[in-house]
Amino acid sequence: QVQLVESGGGLVQAGGSLRLSCAASGIIFRLNVMGWYRQAPGRQHELVAAISGGGSTNYADSVKGRFTISRDNAKNLMYLQMNSLKPEDTAVYYCNAQGYASVPLYNWGQGTQVTVSS
């Protein structure tokens with residue numbers, strides 16, 4: 001059974017930083033492209049950043065230069081370091097394995113709330 005557990009969210013002022021973590025189980029983690037998605041109220045899930053098993057990364061234009069995605073294949077963990085946070089980054093953040101055309105492969109976990117105050 002696949003489990004994706006996100007943590008590390010919180011309330012932060014604009015310009016602040018947070019580090020999110022994702023613990024994955026039930027998948028061969030190192031073989032999966034993994035991604036961080038976010039969902040703001042009233043909006044669909046948006047892919048924020050993705051990382052291949054070998055460490056190649058890509059980012060949404062809105063977070064380039066501010067967010068850094070990383071992973072630890074030995075521990076089945078993925079991270080998202082978020083710096084220079086903006087109010088528009090406010091959302092629930094989720095991790096998932098990424099399939100064709102960035103479609104998430106598994107059911108969403110509970111997510112972790114990130115709220116950035118102005």
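## Aromatic cluster

Y37, Y94 and W108 are linked into a cluster by ring pairs. The model is predicted, and a search of the whole structure finds two aromatic pairs. One of them joins Y37 and W108, edge-to-face, with 5.1 Å from centre to centre and 75° between the planes. Y37 belongs to strand β4 while W108 is in the loop between β9 and β10, so this pair ties together parts that lie 71 residues apart in sequence. How far is each of these two residues covered, beginning with the relative accessible area of Y37? Y37 has a relative accessible area of 3%, so it is buried. W108 has a value of 30%, so it is partly exposed.

The rings of Y94 and W108 form a tilted pair, because their planes stand at 55°, with the centres 5.3 Å apart. This pair also links distant parts of the chain: Y94 is in strand β9 and W108 in the loop between β9 and β10, 14 residues apart. Y94 has a relative accessible area of 11%, so it counts as buried.

## Strand β4 and its partners

Y37 lies in strand β4, and this strand is mostly covered, with five of its six residues buried. β4 runs antiparallel to β5, to which five bridges join it. Across this pairing, G35 stands opposite A50 in β5. The two strands form a hairpin with six residues between them, and G42 in the turn has a positive phi of about 75°.

β4 is also joined to β9, by six bridges, and these two strands again run antiparallel. Here M34 has A97 in β9 as its bridge partner.

## The open sheet

Which strands form the open sheet, and in what order? Four strands do so, in the order β1-β3-β8-β7, and their pairing is antiparallel. β1 (3-7) and β7 are the edge strands, each of them pairing on one side only. On average, neighbouring strands in this sheet are turned by 15° against each other, with direction ignored.

R71 has M78 in β8 as its bridge partner.

## Nonpolar core

The largest nonpolar core contains 27 residues. Those with the most contacts inside it are M34, W36, F67, M78, L80, M82 and Y93. Which strands each supply at least two residues of this core? They are β3 (18-25), β4 (34-39), β5 (46-51), β7 (67-72), β8 (77-82), β9 (91-97) and β10 (112-117). In soluble globular proteins, nonpolar side chains tend to be buried together.

Leaving aside its neighbours within four places in sequence, M78 is in contact with residues including L20, C22, F29, M34, W36, I51, I69 and C95. R71, its bridge partner, is also among these contacts, as are S21, G35 and S70.

## Charges over rings

Two arginines are placed over aromatic rings, namely R19 over the face of Y79 and R71 over the ring of F29. R19 is 4.0 Å from the ring centre of Y79. The charged end of R71 is 4.4 Å from the centre of the F29 ring.

Definitions and conventions
Residues numbered from 1 in each chain as written. Predicted model: local features only at pLDDT ≥ 70, side-chain atom pairs only at ≥ 80, totals over all residues. Heavy atoms only, no water. Core = buried A, V, L, I, M, F, W, Y, C linked by side-chain atoms within 4.5 Å. Buried < 20%, exposed > 50% of the residue type's maximum accessible area, 1.4 Å probe, protein only. Contact = heavy atoms within 4.5 Å. Phe/Tyr/Trp six-rings, centres within 6.5 Å; stacked < 30°, edge-to-face > 60°. Lys NZ or Arg CZ within 6 Å of the ring centre and 35° of its normal. Pairing = 2+ DSSP bridges. Axes fitted to C-alpha atoms, helices over the stretch in contact; angles between N-to-C directions.
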